[in-house]
Structures are given as C-alpha cells and as structure tokens.
Amino acid sequence: MVKLPSQSYVNGLTTSNLGTPDYELLLKQHESYVEALKSCGVSITCLQKSEEFPDSTFVEDAAVLTPEFAVITNPGAETRNGEIVEIESVLKDFYEKFHYIKTPGTLDGGDILQIENHFYIGISERTNEEGARQLKEIVESEGYQATIVPLQKFFHLKTGIAYLGNNAIIVAGEFINHPEFDQYKKIIVSEEEEYTANCILVNGSLIIPKGYEKTKRQIEEAGYKTIELETTEFQKQDGGLSCLSLRF
Ligand code: CIR
C-alpha cells in the first residue's frame, strides 16, 4: 500500500537541512518507487493524496502488519495522528483482526522492525515507553516475541537497520555494536552512507537509495540483487524507502 504525496508535503515535518522538496521531482521519485515494487511482483493499492496530511505519503507509520492481524498505531506527531483513520478503513478490505495502540501510548510504524517471529520496538521521539509496551503485549499475545530498544540518536528504529532475510541485517550508527542485534550476520554501513541502512527487501530484490556506491558494492558482494532509486525528495523530509509503503 502506498499513498500519493500531496502538494502540502513540501511543508511537512523535517529535521534535515536539505532544503524544500521539489514537488514535481517528488512525484517522479514516488512513481519510480511504485514501479520498482511492481517489478518485484507486488500488487499495489495506491491511496489518493491528502492535502490535510502533509506527511501521509509515509504510510508505514500508521500501521504494523503481520499475515494474521493489523495493529493501528497512534502516531507520535500531532499533525500525523489523523492519518490512521484512512489507513484503518482501507485495511478493513484485507484484515479481519485489528489491534490498536491507545493514548497515552504513542507509536510510529517506522520504529518497528520484524525479524522472522521477533519484533524489535524502538523508543524514540515518536514512540513512547507506553506505546512500546502495548505493542509488545499485543504481539506476544499473538505468539510473537518482542524486544524494546530505546534509541540514542536515530529518528526511527528503521532509519538505521533493515532485515535482509536469512538471519542477516544491514546496520548503521548506534546499531552496529548494539547487543540486541549481535546474533545476526551484518552488513555495516559507514557513517557517510548511513541513509542506505533504510532499504527494503521485496521478493528477493533489495531496493536501495541511489548514489551510495560503497554500500551498494558491499550489498552486491553479499549476493543480493539490488534496485537503486532516487530518494532525494524523501530524504529532505526525513523519509526513507521503508516509510513509503506498507508491505503485507
Ligand atoms: C515525519 O517527520 O513524520 C516525516 N516527515 C517522515 C516520516 C518518515 N517515516 C519513517 O521513517 N517511517
């Protein structure tokens, strides 16, 4: 599931100092993202743009999905919280079983990484302790395991880590030597290329941001097939490749 970016995107939330996004270029980059997913054999549900929610193209933050159930989050940024209404109504076409993160708990999907039957739940500026606790309780009640990981610097948990299948992860910054992730094989991303740690494995292809040659080489040497995408306009609003879709 993806959602077209609205014109208001250029006024959305950001902490980066990379300038104002170019809306036309953003649309092109979004279209290439959708095409890349299609080329991996994925069927797409594309939601129309919402001017009232500037950051709503980052659909990943509104839900956490497994094959059996959906968790509707409670996004930690006030201007984003209402995004969950549309996401829940669309997910009703795909899911029967729903769980909810409830106030005072807050949680963004970008803080959740699933590795096989284990959920890693980041505590960040957006996901608070109570939100993390609620999600842990939900997934454990469904037979999954969960570990809560307080973040030091990263914006979201998945800003700095992705699962690559077969017990392997790609990691940057504070996760490189993090004890919770010691048990996995690792591709380590250098500081200058940190942005590439947010990548997505889709049906055997690893979709990565374009322009990070060193990491690309490491990934390809590890045997992954890569698809590179321009991501400059997402990066300007603190977004990465995982944030742009809900994959289920
Ligand atoms: C925000 O601040 O919420 C958006 N500008 C960026 C959200 C990125 N989402 C993600 O990393 N999961």
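1. His-156 is buried, since 28 other C-beta atoms lie within 10 Å of its own (buried means 20 or more such atoms within 10 Å, exposed 12 or fewer, partly exposed in between, with C-beta atoms placed from the backbone). His-156 sits in the loop between β8 (145-150) and β9 (161-163), strands being DSSP runs of E of at least two residues and helices runs of H or I of at least four, numbered from the N terminus. Leaving aside neighbours within four places in sequence, His-156 is in contact with Asp-108, Gly-110, Asp-111, Gly-122, Ser-124 and Arg-126, contact meaning C-beta atoms within 7 Å.

2. This is a predicted model, in which local features need pLDDT of at least 70 and side-chain atom pairs count only at pLDDT 80 or more, while totals for chains, interfaces and linings use all residues. Residues are numbered from 1 along each chain as its sequence is written.

3. An unreviewed UniProt entry places the feature "active site" at His-156 and Cys-243. Although these positions are spread over 88 residues of sequence, they cluster in space, with a largest C-alpha distance of 10.0 Å. Such annotations may be inferred rather than shown by experiment.

4. Cys-243 is found in the segment after α5 (232-235) and counts as buried, with 24 C-beta neighbours inside 10 Å. Not counting residues up to four places away in sequence, Cys-243 touches Phe-58, Glu-60, Asp-61 and Gly-110.

5. Around the ligand there are 17 residues, of which Leu-13, Phe-58, Gly-110, Gln-237 and Cys-243 come nearest; a residue is near a molecule if its C-beta atom lies within 6 Å of it.

Definitions and conventions: Two residues are in contact if their C-beta atoms, placed from the backbone, lie within 7 Å.
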